[in-house]
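User: I have a model open and want to learn how to read its features. Can you take me through it?
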Amino acid sequence: MSHSKLASIFNKDEKKVDWHDKALWFVRHKRDLSVHQVKGWESLRDLGHGIKAHMLSNLDSYLQEFEKNAQANGVEVHWAANGEEHNQIVHKILKENNAKKIVKSKSMLTEECHLNPYLEADGMEVIDTDLGERIVQLAKEPPSHIVLPAIHKNKHEVDELFQEHLGTEPCDGDPQYLTHEARKHLREKFITADAAITGVNFAIAETGGFVVCTNEGNADMGAHLAPVHIACMGVEKIIPKQEHLGVFLRLLARSATGQPITTYSSHFRKPKDGRKMHIVIVDNGRSEQLSRPDFRASLHCIRCGACMNTCPIYRRSGGHSYDATIPGPIGSILSPGKDLTKHSSLPFASTLCGSCSNVCPVKIDIHSQLYKWRQIITKETPQPFVKKASMKMMGTMFSKPSQFERVGKLARWSLRTLPKSVINAKPNTWGKERDLPKGPKQSFDEWYAEKRKQE
Amino acid sequence: MKVGLFIPCYINQLYPQVGIATVEVLEKLNVEIVYPTGQTCCGQPMANSGYENESVGACNNFVQNFKEFDYIVTPSGSCAYHVKKHYNILEQTPEVVKVRDNVYELCDFIVNVLKIKDLGASFPAKVGVHKSCHGLRGLRLGSCSEVVGPYFSSIDDLLKEVKGVELMELKRKDECCGFGGTFAVTEEAVSVKMGKDKIQDHLDSGVEVITATDTSCLMHLEGLVNRNKQPLKILHVAEILNSQL
C-alpha cells in the first residue's frame, strides 16, 4: 500500500495522531533546547558532514585498515555482500558455538536483513533487549522509529501486551511497574544467553575498535555476559580516527533525544580471554547507493532519528505508514535505492519543507534528494495515466501564455458560477475538507492591461 | 534599476488582489516596475511532482520574459526559490544564470535590496506570521528554529514597522502548513491535518489575521478556515503592507 493510503488509515483516529505528533514534537523540542546551548553547533555539523564525506570517498582503504586492526586485536572479521550472506554468517557463528539463546541489542541493520526470522526458523530464540524493541517484538510488529521503536504504542497498550506475554498484573499503564517487570524478564534472558548480538554506531579504522550507544546498558549486559559477541555493521559506520568520535558522540545524542550524550557509550576493542568477538561488515546495497552521486550523502546517516521527530508528515502518519525498515525522511531517500517500485510513494510523502535537512547532524540534503528521487520515479516506475497526462497538459499550457489565459478564464468562471456541491464533488480531493477560492471576475493580467490603458 | 514583476500563475488567476497590492507597494516605494505580459508559471507544479521535464517549456518562457531585468520581484518565496534552485535543468546560458541570480521574494527585495523597513502602512490587528517553508528554509528569508544562530526575518522586519500590527508568538513558529503543491491532494489526509493543526496554533495564540509571503500556503489555510467557519482572516503580507487603516 502507498504511504498516502496507510497515512489516511492512521489519520482515522485523530486523537492518536495528536498524541503521536505531540510525543515526537516533545523530542524535537528537547533537541532544540539542547543544541541551542552548544556553541559552534553548526560547525560541529559541518565537521560531521566533512568526516563522513571523506570516509565515503576512501571507504575501501578505511575498511581494510579497520579489518587489519580488528584482526590484530583478536576479533574475527566477516564480510557480507547482502542481507542473506549476513544472516548465513551470523547463523554459522552461532551454530559453531552451539548457541540456542541469543540476546540482541538494538540494531537496525539486523532488522534490515530480517535476521530474527532467519534464526528462529532454525529453532533459535532471539530476544531484543532494548525495551522499545522488546515491546514491538512481543507485538510482532516492526519498529516504527529507529531510536524510539515503540513510540506508536501508549502505556496502556504496553500494559496489555505485558499481561499477555509476561504475565504481569493489570496496572493502568504504570510505567514504573512495567519497566520493572521488563527488567526482571530481560535479566533472566541476559543471564542464560549463549551469544549476544549488537549493532555498531561507530567503527574506528585507526584502532579496529567500535562503539555502541545505548541508554539502557543492554548492549553491555549482553556482550559482557555471553561467551560470544557478534557485532553487525553497515560499511558506512566506519570513521577514520578515534579523535573523530568526539564529533559524532556530541552530535548523536543531542540530535536524537536532546541528551548531551547517551547513558552508555560502550567501547569494544578485543574479546575477553577465552571469549570470542566477531564483526560482520555488511554492504547490502550501500555501495550501489555510494555509486549514485545525487544520493551518496544519504550514507552519512548516523541513525539519530532527528529527521523523523521533526518531520510534520512522519509525526502525523506514523512510522509504519512508510512500510520500510527505516521510516521517515531518511528512509524515504534510502529505500528507493533498494527497491524503487516498492518504495515509489515515499519521496512524495513530503512537502519538501526542508526541516529534515536543517536538523540533520551530518547535513544530509534530505529534501533535495527527495526531489531528485521524484524525478527518477516518474520515469522508471509505472505512473497513473491521469497524473502523467495532466502534467503534460500543464506543461504545455504554461509554455503558451495564450492557452494559460484561456484556461484561467474558464477556471475562474467555474469557481465563480458552479455550485459548491459540484465543485467539491469527486474527483476533487482538495474539496473534501477545504473550500476553493471564489473565482474573481478579473485576473491580474486583465487588471494590469486596464491600468496600462488608463495611464 | 530595471525591475520585472513576476506574478505567480495562481495569484494571477485566483488572487489578483495580491498582485495588485504588490504593484501598489512597490509604486509607493518609487520602484519602476515592468510586468511582462507573456509570463505564466515558474514550472514548479510539474517539477515538484516529479515531472521536471514537462516544466522545461514553462521555465524557458520565464527566462524569455525576465532576462532583461536587473531584479525580478515576486510575491512568492516558493516560486523565487524554484527559479533559484531548480533552473539547473536548463542549459546555464548567461540569461538563465542572470535570471536565477536576480529573482527576489518581495519582502527580501524591500528589506535587503531597497534597505527599507518602514513603508508607512497601518493595520490594527493581531497578526500571526506563517513562515512559508521554501522562503524560510530555501531562501533563508529568516532564521529557522532548527538552526543555531542569531534571529532574523525580513517579513517580521516589515510587519514590525506597520502601525497597529501586534505580532503574535506561535507555539511552533515555523512548522509547515501542509500545502506542498500536489502533496495537498496526493497526501490529502496528512495535508489537511497539518493545516488544521497550524490554524489551531494561530487561534490558540490569539491571532486574528494570518499572513505569509506565499499565497499557496494561505490558499490551503483559507480553504480550511472557510470550510470550518473559523474566526480568522487570511491576507498576503503585501496586502498588509499596502494597508492604510
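User: Where does A:Pro427 lie?
Analyst: This is a predicted model, so read every value as computed from it. A:Pro427 sits in the loop of chain A between helix H21 (420-423) and helix H22 (444-454). Check the peptide bond there. A:Lys426 and A:Pro427 are joined by a cis peptide bond, with omega about 5°.

User: Next, backbone torsions. Which residue other than glycine has a positive phi near 45°?
Analyst: That is A:Asn284. Then ask about its surroundings. A:Asn284 counts as buried because 20 other C-beta atoms lie within 10 Å, and 20 or more is the cut-off for buried.

User: What about B:Arg140: what is its phi?
Analyst: Positive, about 55°, although B:Arg140 is not a glycine. B:Arg140 is in the loop between H8 and helix H9 (154-160) of chain B. Its class is partly exposed, with 14 other C-beta atoms within 10 Å.

User: Now helices. How many residues does H10 of chain A have, and how far does it reach?
Analyst: Compare the span with the expected one. Helix H10 (residues 175-192) of chain A has 18 residues and reaches 26 Å from first C-alpha to last, close to the 26 Å expected at 1.5 Å a residue.

User: Which residues of H10(A) are buried?
Analyst: A:Leu178, A:Ala182 and A:Leu186 are buried. They lie on the same side of H10(A), because they cover an arc of only 55° around the axis.

User: What covers those buried residues of H10(A)?
Analyst: The cover includes helix H8 (131-138) and helix H9 (155-166) of chain A. Now turn to the other face. The face of H10(A) turned away from the buried side carries exposed residues, including A:Gln176, A:His180, A:Arg183, A:Lys184 and A:Arg187. A:Glu188 and A:Ile191 are also among the exposed residues there.

User: On to sheets. In what order do the 6 strands of the open sheet in chain A run?
Analyst: Start with order and direction. The order is E1-E10-E7-E4-E2-E3, and the pairing is parallel. Strand E1 (76-80) and strand E3 (125-128) of chain A are the edge strands, each pairing on one side only. From one strand to the next, the twist averages 20°.

User: How many bridges join E7 and E10 of chain A?
Analyst: There are 7 bridges between strand E7 (residues 228-234) and strand E10 (residues 276-282) of chain A, which run parallel. For one pair, take A:Ile230: its bridge partner in E10(A) is A:His278.

User: Which strands stand at the edges of the sheet in chain B?
Analyst: First the order: 4 strands form an open sheet, E2-E1-E3-E4 in chain B, with parallel pairing. Strand E2 (33-34) and strand E4 (103-105) of chain B are at the edges; each has a single partner strand, so one side of each has no neighbour in the sheet. E2(B) is joined to strand E1 (residues 3-5) of chain B by 2 bridges. B:Val3 has B:Ile33 as its bridge partner in E2(B).

User: Which helix lies across E3 and E4 of chain B?
Analyst: Helix H7 (residues 106-113) of chain B does, running at about 100° to E4(B).

User: Last, the contact between chains. How many residues does each chain give?
Analyst: Chain B gives 60 residues and chain A gives 56. Several helices of chain B each supply at least two residues of its side, among them helix H2 (16-28), helix H11 (188-204) and helix H12 (215-227). The chain B side that touches chain A divides into 28 nonpolar, 23 polar and 9 charged residues.

Notes
Residues are numbered from 1 along each chain as its sequence is written. Chains are lettered from A and ligands numbered from 1 in the order in which they are written. This is a predicted model: local features need pLDDT of at least 70, side-chain atom pairs count only at pLDDT 80 or more; totals for chains, interfaces and linings use all residues. The expected span of a helix is 1.5 Å times one less than its number of residues. A residue is buried if 20 or more other C-beta atoms lie within 10 Å of its own, exposed if 12 or fewer, and partly exposed in between; C-beta atoms are placed from the backbone. The arc is that of the directions from the helix axis to the C-beta atoms. Two residues are in contact if their C-beta atoms, placed from the backbone, lie within 7 Å. Ala, Val, Leu, Ile, Met, Phe, Trp, Tyr, Cys and Pro count as nonpolar, Asp, Glu, Lys and Arg as charged, and the others, Gly among them, as polar. Two strands pair if DSSP finds at least two bridges between them. Axes are lines fitted to C-alpha atoms, for helices over the stretch in contact, and angles run from 0 to 180 degrees between N-to-C directions.
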